[in-house]
Amino acid sequence: MKPTNSTNPTKIPNPLEGRSDGRLYELKDFVKADAGGCRGCSACCCGVGERLKLTPFDVFQMARYLDLSFDALLARHLELRTNEKITLPYLRMLGPAERCSFLSAEGRCAIHACRPDLCRLFPLGRVYVDGDLKYFLQVGACVKPNLKQVKVESWIGIENYEQNKAFLLAWHNCLKALAFRFKFVRDEEELKEANAFLLETFYRMALKAGEDFYEAFYGRLARAKDRLGIL
């Protein structure tokens, strides 16, 4: 039996019109996203530095996998970019071809097992709708022809999905509130200090013995909201 979508698709938000197939996907839905292992293609790993904003979980996974500190990652593989006055780490692109700094000479990802969430999703994208998150297919983003049907859940393949989803929603809401707060900040020194605090609190997290990432994140979130003046 041919797989079909398990839910009635939600109407696509206006900003995604023209960038998607017009549908929003849930975890149990099927979508044409499987490139069959890419087979040597690394087109999606070049020229995308401004799009690959990293979450604290992304950086935590990388740092643990490579046994590197956040600052060591910044020196070699990441860079800080500022958008809506918020400064966060992004993947660094190198050379004239703007190749991802984690891409090997053979065109393979050196951190595939712990690649960032947005890389893991591709060619899917993530969108936040009515306090929830859903997925959309980025039409034409993958250069491979004839993508195969795959269940969204299988394609993402992340452990502890519900826990990770709750984190993503909390982080999204935090950044959304912070962007609104920063609209009214004109003092450059205040912005600099707030952004330094944000990086120190969420990207240089030192976990205690027996503490997992999510426990550490939520323990810092309440204190950060108070310090940054957001709800």
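Contact here means heavy atoms within 4.5 Å. Helices are DSSP runs (H or I, at least four residues), numbered from the N terminus.

## Basis

This is a predicted model: local features need pLDDT of at least 70, side-chain atom pairs count only at pLDDT 80 or more, and totals for chains, interfaces and linings use all residues. Residues are numbered from 1 along each chain as its sequence is written, and side-chain values use heavy atoms, with hydrogens and water left out.

## Helices α6 and α7

In α6, Glu-193, Ala-194, Phe-197, Leu-198, Thr-201 and Phe-202 meet Phe-217, Arg-220, Leu-221, Ala-224, Arg-227 and Leu-228 of α7. By class, this contact has eight nonpolar, one polar and three charged residues.

The axes of α6 and α7 (residues 213–228) come within 10 Å and cross at roughly 170°. The two helices are therefore roughly antiparallel (over 145 degrees between N-to-C directions).

## Thr-201

Thr-201 sits in α6 (residues 188–202). Its relative accessibility is 12%, so Thr-201 counts as buried (under 20% relative accessible area, 1.4 Å probe, protein chains only). A polar atom of its side chain lies 2.7 Å from the backbone oxygen of Phe-197. Leaving out residues up to four places away in sequence, Thr-201 touches Arg-220 and Ala-224.

## Nonpolar core

The largest nonpolar core has 64 residues; Leu-78, Leu-91, Tyr-135 and Trp-171 touch the most other members. Helix α5 (residues 161–182) gives the largest share, 11 residues. Such a core joins buried Ala, Val, Leu, Ile, Met, Phe, Trp, Tyr and Cys residues through side-chain atoms within 4.5 Å.

Beyond neighbours within four places in sequence, the contacts of Leu-91 include Leu-52, Met-62, Leu-78, Phe-102 and Cys-119.

Methods. Buried means under 20% relative accessible area, exposed over 50%, partly exposed in between (1.4 Å probe, protein chains only). A polar contact is a pair of N or O atoms within 3.5 Å; within protein, one must be able to donate a hydrogen and the other to accept it, and residues adjacent in sequence count only if both atoms are side-chain atoms. Axes are lines fitted to C-alpha atoms, for helices over the stretch in contact, and angles run from 0 to 180 degrees between N-to-C directions. Angles under 35 degrees count as roughly parallel, over 145 as roughly antiparallel, 65 to 115 as roughly perpendicular and the rest as oblique. Ala, Val, Leu, Ile, Met, Phe, Trp, Tyr, Cys and Pro count as nonpolar, Asp, Glu, Lys and Arg as charged, and the others, Gly among them, as polar.
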